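Here is a short briefing to read alongside the model.

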Amino acid sequence: MTANLVNTSPAIFRLSPLIRITLLSLYLALTLPLPFLAEVTNAPIPSTLFWLGISIGFIGLYAVLTERVILDDQGIQVTYPNWIPRFFRKGWSLPWSEVKQLKPRTTGQGGLVYYFLSKDGKAYLLPMRVAGFAQMVKLVQEKTGIDTNDVYPLAQPWMYLILFGFTLLLFLVDGWTIATAITQGHFS
C-alpha cells in the first residue's frame, strides 16, 4: 500500500479561466451596445434600464461561473460562494460510498456528458468545464474504482479559443456601433 491512499486536504477545481473569460466577454460583447442603440433609436425602454439589466445579468453570469468542485476522502461536492443565494445555485454533494456508476449521456448537440448515478437512483452531472479536468477524473477513478479512461471534457480548449477570437471581433463591431451612436448626437 502506498501513502497516496490517505489524502487529508481536499482537491478544489474551479471553472477554467479560459471558459470564464470567454463567456463573460461574450456576454459583454452582446449586451454593451444595447443602451447606446436604445438612445439612438428612441426606444421605449430607457437606456438606464438597459444598464441595470446588463449589470444584473453580468452578476448572475459571474455567479454561475464561480462553481467549485471539491473532492476529498468522503466524496465529491459542487459548491458556490456564500454570497450566492441557494435558490439561485444550490450545488450538490455525493459520498464516494454512494456512487454506483458513471453513466454517459448524449446531449442534444451530439456531445457526451457523464452523470454519477447514486445507489438510490439519483443522477449528478459530472462537472466538465473545470481547470484540471484530467486530474479530477483521475481522482474520481481512485476514489470510486470506476474506469474513467474514456471520460473527456465536453468542449476542448481550442473551441473556447475560437469563440474568444470571434468575441474579440464582435467587440470591434461594438466599438464601431457605439462610436456611431455617440456621433449621432443623442447623448448629453
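## Overall picture

Among contacts in the chain between residues at least 6 apart in sequence, 55% join residues at least 24 apart. Please keep in mind that this is a predicted model. The chain has 5 helices and 7 strands, and along the sequence they follow the pattern β-α-α-α-β-β-β-β-β-β-α-α.

**Dimensions and surface**

- The radius of gyration of the chain is 21 Å, while a compact globule of 188 residues would have one near 16 Å.
- Along its principal axes, the C-alpha trace spans about 75 × 35 × 30 Å.
- Of the 188 residues, 34% count as buried.
- The chain exposes about 11,700 Å², and carbon and sulfur atoms supply 62% of that area.

**Aromatic pairs**

- The structure holds 5 aromatic pairs.
- One of them joins Tyr 27 and Phe 58, with 6.3 Å from centre to centre and 50 degrees between the planes, and this pair is tilted.
- Tyr 27 lies in helix H1 (residues 17-31) and Phe 58 in helix H3 (residues 47-64), so this pair ties together parts that are 31 residues apart in sequence.
- Phe 58 has a relative accessibility of 27%, so Phe 58 counts as partly exposed.
- Phe 36 and Trp 51 form an edge-to-face pair, because their ring centres are 5.8 Å apart and their planes stand at 85 degrees, where over 60 is the cut-off for that label.
- Helix H2 (residues 33-40) holds Phe 36 and helix H3 holds Trp 51, so here the pair ties together parts that are 15 residues apart in sequence.
- The two partners sit on opposite sides of the burial cut-off of 20%: Phe 36 is buried at 16% relative accessibility, whereas Trp 51 is partly exposed at 36%.
- Elsewhere, ring pairs link Trp 92, Phe 116 and Tyr 124 into a cluster.

**Helix H2 and its neighbours**

- Pro 33, Pro 35, Phe 36 and Ala 38 are buried in H2.
- Which helices do the buried residues of H2 pack against? They pack against H1, H3 and helix H5 (157-183).
- Just after H2, Asn 42 takes a positive phi of about 50 degrees.

**Pro 35 and Ser 47**

- Pro 35 is found in helix H2 and is buried, with a relative accessible area of 1%.
- Leaving aside residues up to four places away in sequence, Pro 35 touches Ser 47, Phe 50, Trp 51 and Ile 54.
- Ser 47 has its place in helix H3, and with a relative accessible area of 13% Ser 47 is buried.
- With residues up to four places away in sequence not counted, Ser 47 touches Pro 35 and Glu 39.
- For a sense of scale, Pro 35 and Tyr 160 are 125 residues apart in sequence and 27 Å apart in space, C-alpha to C-alpha.

**A nonpolar surface patch**

- Trp 158, Met 159, Ile 162, Phe 166, Leu 169 and Leu 172 form a nonpolar patch on the surface, and together they have about 670 Å² of accessible area.
- Ile 162, one of the patch residues, lies in helix H5.
- Is Ile 162 buried or partly exposed? Ile 162 is partly exposed, with a relative accessible area of 44%.
- An α-helix has 3.6 residues a turn, so residues three or four places apart point the same way.

Technical notes:
Residues are numbered from 1 along each chain as its sequence is written. This is a predicted model: local features need pLDDT of at least 70, side-chain atom pairs count only at pLDDT 80 or more; totals for chains, interfaces and linings use all residues. Side-chain values use heavy atoms; hydrogens and water are left out. Rings of Phe, Tyr and Trp (its six-membered ring) pair if their centres lie within 6.5 Å; planes under 30 degrees apart count as stacked, over 60 as edge-to-face and the rest as tilted. Helices (H or I, at least four residues) and strands (E, at least two) are DSSP runs, numbered from the N terminus. Buried means under 20% relative accessible area, exposed over 50%, partly exposed in between (1.4 Å probe, protein chains only). Contact means heavy atoms within 4.5 Å. Patches are made of residues with over 30% relative accessible area and no salt bridge: like charges are joined within 9 Å, nonpolar side chains (Val, Leu, Ile, Met, Phe, Trp, Tyr) within 5 Å. Accessible areas come from the Shrake-Rupley method with a 1.4 Å probe; for residues, only the protein chains shown count as cover. A salt bridge is a side-chain nitrogen of Lys or Arg within 4 Å of a carboxyl oxygen of Asp or Glu. The radius of gyration is taken over C-alpha atoms; the globule rule is 2.2 Å times the number of residues to the power 0.38.
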